[in-house]
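Let's take a friendly walk through this model together. Have the sequence and the structure open side by side as you read.

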Amino acid sequence: MDQAIILDKPRIYPDLLAKSKEIGFDMPSDMFIGTLLKTLIASKPGGNFLELGTGMGLSLSWMLKGMDENSKVLSVDNDPELIQIAKDFFEADERLQLVCADGEEWISTYKGIKFDLIFADAWPGKYSLLDATLELLNIGGFYVIDDMSYQTNWPQGHDKKASELIQILEAKKDFTITKMDWSTGLIVAVKIK
């Protein structure tokens, strides 16, 4: 499917793409993961959502598009420049809290309410502190990760880490998962107990 035929893009999306190119940000999220996030989030009215890895805010724009007016999203990134760019683009949206912090430290110290969806788009919450991250989900909450199919920018040996992560998720008794050979390779897990 051609990304050009996705008609319901966030209004701000083209500006975020242009800014990505301007600063040479070479890890933008795939548009298809964005549409999935929007749809999953729309199933949780008044939800509380977490993004680990704000990046340029491309996925965040889709998350915000799927949210109703009573929902909240917290997005964490360790890069102050990227957090500032996101603030510049999204500052008027009161449903959003942006946090500039080390992801592992943030996960380890977070004591707030649990989340209805976690999009783990950074090393912390995906390849490190996985169990602690999954503990932050409500029953019925979604855990979403992408980039699970081979990527040309993967460092040597990363394919083994991805395979190990899949095996760990498949072995969990308190989650049901779906692996999708779609977009950049997705896993959607739901906490069932």
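Helices here are DSSP runs of H or I with at least four residues, strands are E runs of at least two, and both are numbered from the N terminus. Before going further, note that this is a predicted model, in which local features need pLDDT of at least 70, side-chain atom pairs count only at pLDDT 80 or more, and totals for chains, interfaces and linings use all residues. Residues are numbered from 1 along each chain as its sequence is written, and side-chain values use heavy atoms, with hydrogens and water left out.

Which residues of α1 (residues 13–23) are buried? They are Tyr-13, Leu-16 and Ser-20. Because these three cover an arc of only 60° around the axis, they sit on the same side of α1; the arc is taken from the directions from the helix axis to the C-beta atoms. An α-helix has 3.6 residues a turn, so residues three or four places apart point the same way. Lys-21 and Glu-22, on the other side of α1, are exposed. Buried means under 20% relative accessible area, exposed over 50%, and partly exposed in between, using a 1.4 Å probe and protein chains only. The buried residues of α1 pack against α2 (31–42), α3 and α4 (80–90).

Helix α3 (residues 58–66) contains Lys-65. Leaving out residues up to four places away in sequence, Lys-65 touches Asp-8, Lys-9, Pro-10 and Lys-38, where a contact means heavy atoms within 4.5 Å. With Asp-8, Lys-65 also makes a side-chain to side-chain polar contact at 3.3 Å. A polar contact is a pair of N or O atoms within 3.5 Å, one able to donate a hydrogen and the other to accept it; residues adjacent in sequence count only if both atoms are side-chain atoms. The C-alpha atoms of Lys-65 and Asp-8 are 9.4 Å apart, although 57 residues separate the two along the chain.

Next, the aromatic rings. The structure holds 5 aromatic pairs. Phe-32 and Trp-182 form a tilted one, 5.7 Å centre to centre with 45° between the planes. Since Phe-32 lies in α2 and Trp-182 in the loop between β6 (175–180) and β7 (186–191), the pair ties together parts 150 residues apart in sequence. Rings of Phe, Tyr and Trp (its six-membered ring) pair if their centres lie within 6.5 Å; planes under 30 degrees apart are stacked, over 60 edge-to-face, and the rest tilted. Ring pairs also link Trp-106, Tyr-110 and Phe-115 into a cluster.

| Residue | Relative accessible area | Class |
|---|---|---|
| Phe-32 | 11% | buried |
| Trp-182 | 35% | partly exposed |
| Lys-65 | 35% | partly exposed |
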